[in-house]
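Dear colleague,

Here is the structure I said I would pass on. My notes on what was found in it follow below.

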Amino acid sequence: MNKMDIHQRKTDRAWDRLYARLDEDGLLAGAVAPCRKTKRLPSRGIRLLAAVALLCLVVAGVYHYTLQNNRVSSFLTLRNAEEATTLITTLEDGSVVYLAEKAVLRYPSSFETDRREVALEGNAQFDVSGNKERPFLISTENVHVEVVGTSFRIRNEGNAPFELSVKSGVVKVVARESGQSSLVNAGEIARLQAGEWQINKMEANRDPMKRIRFKDERLGDVLRILNQEISSVPLLTIPALEDRSFTVAFEGHSPVEMAEVICLGLGLAYTQTEEGLLITEP
């Protein structure tokens, strides 16, 4: 008899004693057959199964790490390092973010199907496109913000209290530390003081945008934002030019001057029409 057979018999006897004790204590209740009557895998087979199980765990771990790493790496970072400048960007869902100086926005190149998540450091204004099926979520150091479609401004800098002022719609804010939440309506401002929300009527705009900058933005988005925020005369273009991307900055420009700057940067021309200033091919 070789050593493997001796080891197998010792193992069988150990299992027999264990099941006999369980049977005496009434713990088996006939539900489990004695181990000696079942067919056992040889030791080599057990070791093989263990190796396969370990390999599956390793593969699953590597897949999970790769998936998470790819998800993190797909996030983009936009920093506004210029002083006294508002950096404007349009996200893939059509939402517009106005980043104040020294602000940082982290966002995915493409949002999830059930939610739109971004992270913010510093001050910013958001014009969120409406989509009830995909709430827009903003994470800051001390507050979570959740909206569906609205316009609001966040003040989130240094040791000053977090502030959120709502221009349109309704915004939900949740304090990270205390967990206290509140709904902020249009015309209201919420301040986080010692973990508690204070809701008051919003004051007049105390921090108007003086200098704005677009980086690699579509012409169509640039004109839409200028018409909404600054220009007193509509700036228009034809559909064929809306996807032309460029970088540009404005500071105190008149509508005509803005049209001239855009045309100079893209090699286009503009004409005065009854509807506004129309930018077209020269």
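Is Asp 216 buried or exposed? Asp 216 is exposed, because its relative accessible area is 53% (buried means under 20% relative accessible area, exposed over 50%, partly exposed in between, with a 1.4 Å probe and protein chains only).

Before the rest, two notes on the source. This is a predicted model, in which local features need pLDDT of at least 70, side-chain atom pairs count only at pLDDT 80 or more, and totals for chains, interfaces and linings use all residues. Residues are numbered from 1 along each chain as its sequence is written, and side-chain values use heavy atoms, with hydrogens and water left out.

Positive phi values

Asp 216 lies in strand β15 (residues 211–218); helices (H or I, at least four residues) and strands (E, at least two) are DSSP runs, numbered from the N terminus. Its phi is near 50°, a positive value in a residue other than glycine. Most residues other than glycine have a negative phi. Ala 84 is not a glycine either, and has a positive phi of about 55°. Ala 84 sits in the loop between β1 (75–79) and β2 (86–90), and is exposed, with a relative accessible area of 52%.

Helix α3 and its surroundings

Helix α3 (residues 219–229) packs against helix α4 (residues 255–266) at an angle of about 170°, with the axes 13 Å apart. Axes are lines fitted to C-alpha atoms, for helices over the stretch in contact, and angles run from 0 to 180 degrees between N-to-C directions. The two helices are therefore roughly antiparallel to each other (angles under 35 degrees count as roughly parallel, over 145 as roughly antiparallel, 65 to 115 as roughly perpendicular and the rest as oblique). Leu 219, Leu 223 and Leu 226 of α3 meet Met 258, Ile 262 and Leu 266 of α4 in this contact, where contact means heavy atoms within 4.5 Å.

Glu 229 also lies in α3 and counts as partly exposed, at 25% relative accessibility. Its side chain is joined to that of Tyr 98 by a polar contact of 3.2 Å. A polar contact is a pair of N or O atoms within 3.5 Å; within protein, one must be able to donate a hydrogen and the other to accept it, and residues adjacent in sequence count only if both atoms are side-chain atoms.

α3 lies across β16 and β19, running at about 160° to β16. These strands belong to an open sheet of three strands in the order β16-β19-β18, with mixed pairing; two strands pair if DSSP finds at least two bridges between them. β16 (235–237) and β18 (269–272) are the edge strands, each pairing on one side only. From one strand to the next the twist averages 30°. β16 pairs with β19 (residues 277–280) in the parallel sense over three bridges, and Leu 235 stands opposite Leu 277 in β19.

Strand β11 (residues 170–175) has a covered face, Val 171, Val 173 and Ala 175, and an uncovered one, Val 170, Lys 172 and Val 174. Val 143 stands opposite Ala 175, while Val 171 has Val 184 of β12 as its bridge partner. β11 and β12 form a hairpin with five residues between them, and Gly 179 in the turn has a positive phi of about 80°.

Regards
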